[in-house]
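Hello,

Here is the structure you asked for. Please open it first, then read my notes on its pockets.

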Amino acid sequence: MWPRVDGMRAMELGAPGSMRDELNALVLVGAKRATTGLLGEYAEEDERLETVGERLALLDNEGAAVAVLEITGVEVKAFDEVTWEHAAAEGEGDADLDAWRDVHRRFWSGEGTPVEGDTLVVCLGFRLTDGASASSLSE
């Protein structure tokens, strides 16, 4: 199961360390409004898909909540069917869809899960909430 914070499921972006710091910073300035995960990880972790309107605690490298996100979209599709609109909303500066695919293939391969064109992924859209609270945000 994924971590829980203040009754919410948690989202941990990228790999721990500088990558997570960079991705969280993009969320906090509003540049990152989407992310993509592997559908297989949900089964491995015995987790259900997110739902539109669900709130998630965004965690830092120490497991502390740095923000609360509200899910605005959930789509399951083959890796090769991810749209440029979604990829651009990830806000990571990819020049085009091919560059986005290359970066994601390298990341998941480095994590031990090579990705093919028909690999199912979960495309999440989200927004940073105003004034939503998680107990660790106020500490």
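Helices (H or I, at least four residues) and strands (E, at least two) are DSSP runs, numbered from the N terminus. This is a predicted model, where local features need pLDDT of at least 70, side-chain atom pairs count only at pLDDT 80 or more, and totals for chains, interfaces and linings use all residues. Residues are numbered from 1 along each chain as its sequence is written, and side-chain values use heavy atoms, with hydrogens and water left out.

A pocket is found on a 1 Å grid over the protein atoms alone: it is an open set of points where a 1.4 Å probe fits, with protein on both sides within 12 Å along at least five of seven lines. Lining residues have an atom within 4 Å of a point. Points join across faces, edges and corners, and volume is the space filled by probe spheres set on them.

The largest pocket holds about 880 Å³ of space. It is lined by 33 residues, and E12, L13, G14, E41 and F107 are the closest to its centre. Helix α1 (18-28) gives the most to this lining, with five residues. Others that supply at least two include β2 (8-11) and α4 (97-110).

The second largest pocket has about 170 Å³. Its lining has 15 residues, with A34, E75, H86, L124 and G125 closest to the centre. Here β5 gives the most: five residues. Both α3 (84-89) and β6 supply at least two.

Best wishes
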